[in-house]
Amino acid sequence: MSPQIGTIVSASEIPPAINTSWNTQNAFIPILADWGPIGQAIPITSLANAGSQIGTPAGTGNPYSSRTATCATAFDACDALFNEDGAGTETVYASRVVHGTPVAATLALGPTAALTFTAQYVGAGGNGIYIGVVNSGSAYILTIYDVNGNVLTASPSLASLAAGVAWCATTGLGTMVSSGSTLPSTATATAATGGTDNRGSVAIADVTTALAAFSPARGPGQVFAPNWTNTTLAGIWSALGAHAFASNRVALYDMDDNVSASA
């Protein structure tokens, strides 16, 4: 039969279906990490991105140089996800789990705390930031290193404390405040100290708080907690399930520890 000749007009009160932009490959994971913001979803789109987002600041291009003992489990989970998806179309949203009142690492540069550095984020990651000073008399240069001595960034010649404060704000590594009017003295690279997130005392309520950073507006996906089983943190299954139910996501539960294969 030959096709009908002419124009066919169809009218309907039901609008045509449209394709949604949701990606169900996305993952949502509460994590332990030494670095990164608190109370927000941290988008990770590649392994290199994971190194810079949740690992200790490192001055090399190798993302594994940012992998610390704290973030290793979350880092390896990201590694597996990105390697299993050859298309690289998923995003991992991470949310740091901390306890109590976390603290950012600090470092006072002499004399008399001419400049005091505070790490950008709370936690032990800031303890791996080192700062060296070269003072020429009328100006100074600040160099920030990682824990292995690699240069993260270096300032131009700075002629005032205010210039150091302004420069540090551009690094993404921390902030500085000035005290007095004397330029900082020449000093070898010295570590910031005092950074902690009290992760040793993490409770189920802390994980629930971290899960709240994953707004339902970010769409569907899988939510899981690579750092904990229901044995190591009782209630984790319930927390993941409640979040999944409220956010139209799928919760993936890790097994209890030491469960026998036959059982």
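Predicted model: local features only at pLDDT ≥ 70, side-chain atom pairs only at ≥ 80, totals over all residues.
Biologist: Why are strand 4 and strand 9 called edge strands?

Modeller: The open sheet runs in the order 4-5-9 with antiparallel pairing. Strand 4 (104–109) and strand 9 (174–178) each have a single partner strand, so one side of each lacks a neighbour in the sheet. From one strand to the next, the twist averages 20°.

Biologist: What makes strand 5 and strand 9 a pair?

Modeller: Pairing needs at least two bridges, and five bridges join strand 5 (residues 115–122) to strand 9. As an example, T116 has V177 in strand 9 as its bridge partner. Helix 3 (residues 161–168) packs on this sheet, where it touches strand 5 and strand 9.

Biologist: What makes a set of residues here a nonpolar core, and which have the most contacts inside the largest one?

Modeller: Such residues must be buried and joined through side-chain atoms within 4.5 Å. The largest core has 22 residues, and those with the most contacts inside it include L109, L115, F117 and M176. Among the elements giving two or more residues to this core are strand 4, strand 5 and helix 3. L115 touches, among others, L109, Y140, V165 and M176.

Biologist: How do you know that strand 2 pairs with strand 3?

Modeller: The same rule of at least two bridges applies: strand 2 and strand 3 (residues 92–96) have three, in the antiparallel sense.

How values were computed:
Residues numbered from 1 in each chain as written. Heavy atoms only, no water. Helix = DSSP H or I, 4+ residues; strand = E, 2+ residues; numbered from the N terminus. Axes fitted to C-alpha atoms, helices over the stretch in contact; angles between N-to-C directions. Contact = heavy atoms within 4.5 Å. Buried < 20%, exposed > 50% of the residue type's maximum accessible area, 1.4 Å probe, protein only. Lists of a residue's contacts leave out its neighbours within four places in sequence.
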